[in-house]
Amino acid sequence: MSLQTAISAPSFLSSCSGYRLKFNPLFFPNFSLSSWRSNRLGRRSFAVFASENSVFTSPEMEKSFDFTSEERIYNWWESQGFFRPKFDQGTEHFVIPMPPPNVTGSLHMGHAMFVTLEDIMIRYNRMKGKPTLWLPGTDHAGIATQLVVERMLASEGIKRVELGRDEFTKRVWEWKEKYGGTITNQIKRLGASCDWSREHFTLDEQLSRAVIEAFVRLHEEGLIYQGSYIVNWSPKLQTAVSDLEVEYSEEPGILYYIKYRVAGGSRSDFLTIATTRPETLFGDVAVAVHPQDERYSKYIGQTAIVPMTYGRHVPIISDKYVDKDFGTGVLKISPGHDHNDYLLARKLGLPLLNVMNKDGTLNEVAGLYCGLDRFEARKRLWSDLEETGLAVKKEPHTLRVPRSQRGGEVIEPLVSKQWFVTMEPLAEKALHAVEKGELTIMPERFEKIYNHWLSNIKDWCISRQLWWGHRIPVWYVAGKDCEEEYIVARSANEALEKAYKKYGKDVEIYQDPDVLDTWFSSALWPFSTLGWPDTSTEDFKRFYPTTMLETGHDILFFWVARMVMMGIEFTGKVPFSYVYLHGLIRDSQGRKMSKTLGNVIDPIDTIKEFGTDALRFTLSLGTAGQDLNLSTERLTANKSFTNKLWNAGKFVLQNLPSKENVSDWEIMLDYKFDTEESLLKLPLSECWVVSKLHTLIDVVTESYDKFFFGDVGRETYDFFWSDYADWYIEASKARLYHSGDNAVALVAQAVLLYVFENTLKLLHPFMPFVTEALWQALPKRKTALIVSAWPHASLPRHANSIKRFENLQALTRAIRNARAEYSVEPAKRISASIVGSEEVIQYISKEKDVLALLSRLDLQNIHFTDSPPGDANQSVHLVASEGLEAYLPLADMIDISAEVERLSKRLSKMQTEYEGLKVRLSSPKFVEKAPEDIVRGVQEKAAEAEEKINLTKNRLAFLKSTVLVSK
């Protein structure tokens, strides 16, 4: 039995192991408590040094990483100019144009996801030595911003139309200046290392000039035209909206069945039509059936009378578009109010008939229902149909309702005069870019979606009936037909000059009141932010084309594809080489986050509770294109990882030579690990951990280059937590606290520092704040971690040493398991005989101190041999690996007699319980009448009890035989 003292060594990583290190004077015969205290006090100077700049805190001074320091660290990075590209670093640049969030926005997890992934890419490539630029900015968000300001004015009792366009626009700019920076500050809070000196806003002067230029050039090439087309119309906002701004929801509704009499037929000749929107029947221009539907074939070619229209006739036609199984198999064609009907009418040459005003009321085409709101008209029309006998029935029906993303109102398909871009010729070039490998989309499966969209593309409606946005650069001539006589120009003065030349000096012109779709300016983002249309700017020449476009997969078409098309059209080049698409953030149950479900997780609140690094690390572990389930458990685990890093830093710092010990520092810093010769000179534990680090560097560098960020995070996490913290730090204590050999301690100190600082580099792109704070706390730092060089690849590693240390690990685990199995007190040191071949014994015996420390063995009673010891039959026999075994004397671990007594009582209790289970299972009444899952549960318990009884019997037999042998 070994003598224990009450003095504890520093155990800052107690969570890493299942025991607490205590000094044994037999194990550390030359240990001096006073010298340890003296060295520790001397090392305090590093903490003071690290704290001289109030930006950083040190692990020696703080118990855990202080999240409140993150903003100070960020501001320090920015003040030092680290976010700006350094042109002396190399010629191969790395550029990401940030997806501009809406200026009205507040940070959500989608923002947190793109900021995390893009910042990982930026920080990695910056450390790789590339001139790195992350272009930030915000989008003016036409509809969203106008709606926000209108609501603000409404609270003051003011309507937009009362102010007039100029005054309203002025108010929006005032709002933007006051509140528009919120999202930017929140993005900074996530650690985004953007070059804020190049920040843009889609309505700033440079980008506005680019938007006008793009419109003019597209018009000059015949790719922009004005025409009437069916669009998504928002009656409340009084504007067309894009498909992306329409959200569909499953809602309970009604399917109405209505009689359409056949003209010239008897009272029994009628067609019953099922519709969810009866108020649109005033816009019917035909009734359609399937050509193979025998129920209605006799009516094809005749006409039907549209109800409540005073006898208006429409043709009965046949088309394969009609679904025979929906409703009655008869379809009313209302091309002015249904996207599919519109396309069918264009194919068949049917006329268009619009029955609705832009405010959602019915117009004069609806006759008596003119002026009624669309939903009120629906109710009144059905009532009148019932009175006239034309209403057949109505039944519940689940509807897929299109609602405005902004206002929540039901969107109305409406034919409206708008400006459009002809997309087919632009799409063709964008398709070729992927085919020729000029553009890589990740994950690859999204290429099919990209190709499908572009192969079936429709013309793009780019006009919006708003006041906030880029005014369409079109001027009309007073007194002339707007569709025939208009002027496209880059400015009002240019438009007037053109008008003078064509119409004379007395001409009057006025500008189109509409603005361009917000997505139009966003489509120019990768090159307009770099100076286009001025292609001679330094930024455009240096950084275009950009490298990476990272965004959510849901806007692959609405934004990404349009940027590709516009980039090729205006610059002749694909605007970026790669597209990386991330998935959605869902809650822990896989549900989409929504206010309705109450499951929205706020990033800022998350940062306050868990820290930015834990949030970023959690978000980064997903797979490209896959949705990620976010849970408190994951965040908590990664907060623990932050603490693990911090505690490791504390251990390293407090076990380095003191600042005044210049000679030790010179010796330690002379150690190099970049050659095979230097690696092989290291003891086994050190050679193992350095080899594992060098392997890790290669693996994660390759994963970084392939954008496999989840793999990077998991590999680095596993190495740091398991290999470095749980194993090497614990093993290093055998070197550090063996004060009789300073050279051995210096090797361990050098390896501790080398592995730790390189691990910080690997983790920095993921967890920038805690890694920078730890880096700054380390001595001899010449530069900030954010701009330090990435670790070299292809460094030496020794596979044989890795295998040997794995054998040592297996032996340690086996001994630990045996101790646990026999309930050996944690502080009790036991004897051991290690049996193996000459080669195995040679390298294992050299790590005797490490083995004793990690396995709680009595250092003076560890024996190495090539054959089993004489007391083998009184020992616990362990097989650690092939060719490596251990024998632990049982009497050294437990009181055998007491253990026999304890197990005998336990066996008796288990047998009683087992017999009770068997009685239940032998009862036919129980087996036949009890629920199947209950019977199965009892059977499983019985099988488990039988197994435990057999194990206990075997244990008792072994213990009893040991007692007999010893007697």
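Modeller: This is a predicted model. We can begin with one residue and its surroundings.

Colleague: Which residues does Ser234 touch, not counting residues up to four places away in sequence?

Modeller: Ser234 lies in strand E5. Contact here means heavy atoms within 4.5 Å. Leaving out residues up to four places away in sequence, the residues that Ser234 touches are Thr239, Val241, Glu409 and Ile411.

Colleague: With which side chain does the side chain of Ser234 make a polar contact?

Modeller: A polar contact needs a pair of N or O atoms within 3.5 Å. For the side chain of Ser234 there is such a pair at 2.3 Å, and the partner is the side chain of Glu409.

Colleague: Does Ser234 count as buried or exposed?

Modeller: Buried means under 20% relative accessible area. Ser234 has 0% relative accessibility, so the residue counts as buried.

Colleague: Why is strand E5 largely enclosed by the rest of the structure?

Modeller: Strand E5 covers residues 224–234. The strand is largely enclosed because, of its eleven residues, the number buried is nine.

Colleague: How many bridges join E5 to strand E14?

Modeller: E14 covers residues 412–421, and the two strands run antiparallel. In this pairing Trp233 stands opposite Glu412. The number of bridges joining E5 to E14 is ten.

Colleague: Which residue takes a positive phi in the hairpin of E5 and E6?

Modeller: E5 and E6 pair in the antiparallel sense over three bridges, with Asn232 opposite Val241. Four residues lie between the strands of this hairpin. The residue with a positive phi, near 60 degrees, is Gln238.

Note on methods. Residues numbered from 1 in each chain as written. Predicted model: local features only at pLDDT ≥ 70, side-chain atom pairs only at ≥ 80, totals over all residues. Heavy atoms only, no water. Buried < 20%, exposed > 50% of the residue type's maximum accessible area, 1.4 Å probe, protein only. Pairing = 2+ DSSP bridges. Polar contact = N/O pair within 3.5 Å; in protein donor to acceptor, adjacent residues only side chain to side chain.
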